[in-house]
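Dear colleague,

I am handing over a structure that may be new to you, and below it you will find a short account of what was found in it.

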Amino acid sequence: MDRRFDLEAWRHFVLVAENGGLNLAANIHNIEPSTLSRSIKSLEASLGRPLFVHGKRPLSLTIFGQEALKEAQKLLAQHRVMLETLLSSKEKMEGVIRLAIPGGIGPGMVTPRILEFQQIYPNVEFDVVQLHKGAVLDQTFSDGETLPHLTVGYSTGGSLAGLVYRYVGKMDFIPCCSPRYLSQYGSPQDPDELVNHKGLIFKGSTRKPTEFLVKNGVRKLMSWDKIFTFETVVDMKNACLLGGGIAADIPLIHCIDELEAGTLKVVLNGWRRPSLGCYIFSPEQFWEYERVRVFGEWLARSQTEEIANLHRRFDQLGQDSCCLLYTSPSPRD
């Protein structure tokens, strides 16, 4: 039997690979170890190549097995989506909503809304995943990867066929450093001065790295004396709080509390990374589901209020918050 086309064999392979061993996977998922062993042996025989490095401990994947695991995980996720789409009721306020969000915004902006929503609709469950790929959300899931029902994050303002968008505001990116850093190295007023400073650089996957700053239509590239790179905004902000350097692009949502408390200070005299529009979007086929559409509109309204409140709080600080460098895209239906 050719097991290459056997979905159950691929599921067994993923279980063993993800759990780090045949016996452990068998215990966790209540499957006979012999069943898992036969599935994997026959799958390797059909493929003509080993998935695991046999005869060594701990269990490890071959290079081919590592690639196979990535593709098999996508395949199984797509299969789950297919079954849910076929078997779920579009009209009922029940079932799971898969929600993808950038790291760090869940506790403040999303989790409270989920809890409020579930008080009204207790039969709706949530599967919240962190957004890991794509510079902007329009590009995040355009390669055939399994789509979440709803995604929260940035967009450059273009549109992608097959998606429903809800615009919720714009996000400013604030150049910050700690009072400790200022006392040691002084406050730069212009990007040209950054050659004498340490830069804290965000190189995560949810947006493109900041290369230049803009003020009054003038654009200047940044060049640093030394740089430290981070994959999460939270780690970059923590380094900034410790006096490790200047972060030129902390999203306002991540620094407003610290700016109000005085543990971070705005620098660079109005030079900023261009703002990005914030959106909630959903594939059209999922927007037809009542639970997805109702929660999507609910979340869009609450996030619009949250982002407007962020700007009000920043304005009250008396900082140079009126230098808006980018006009966010117009709301789209």
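The secondary structure of the chain comes to 11 helices and 11 strands, where helices (H or I, at least four residues) and strands (E, at least two) are DSSP runs numbered from the N terminus. Please keep in mind that this is a predicted model, in which local features need pLDDT of at least 70 and side-chain atom pairs count only at pLDDT 80 or more, while totals for chains, interfaces and linings use all residues. Residues are numbered from 1 along each chain as its sequence is written, and side-chain values use heavy atoms, with hydrogens and water left out.

Of the 333 residues in the chain, 47% are buried, a term that stands for under 20% relative accessible area, with exposed meaning over 50% and partly exposed in between (1.4 Å probe, protein chains only). Among contacts (heavy atoms within 4.5 Å) with a separation of 6 or more, 76% join residues 24 or more positions apart.

The largest nonpolar core has 60 residues, and Leu99 and Phe295 touch the most other members; such a core is a set of buried Ala, Val, Leu, Ile, Met, Phe, Trp, Tyr and Cys residues joined through side-chain atoms within 4.5 Å. Apart from it lies another core, of 19 residues, which includes Ala17, Ile40, Leu43 and Ala72. Leucine 99 touches, among others, Val110, Ile114, Asp127 and Phe295, not counting residues up to four places away in sequence.

Helix H1 (residues 7-19) packs against helix H3 (residues 33-47) at an angle of about 110°, with their axes 9 Å apart; the axes are lines fitted to C-alpha atoms over the stretch in contact, and angles run from 0 to 180 degrees between N-to-C directions. H1 and H3 are therefore roughly perpendicular to each other, the range for that word being 65 to 115 degrees. The contact is made by Ala9, Trp10, His12, Phe13 and Val16 of H1, together with Thr35, Leu36, Ser39, Ile40, Leu43 and Leu47 of H3.

Two single residues may also interest you. Aspartate 249, in strand E9 (residues 246-251), counts as buried because its relative accessibility is 3%, and the residues that aspartate 249 touches include Arg207 and Arg273. Histidine 254, in helix H9 (residues 252-261), likewise counts as buried, at 11% relative accessibility, and histidine 254 touches Gly103, Gly104, Ile105, Val233 and Lys237, again not counting residues up to four places away in sequence.

With kind regards

How values were computed: Parallel < 35°, antiparallel > 145°, perpendicular 65-115°, else oblique.
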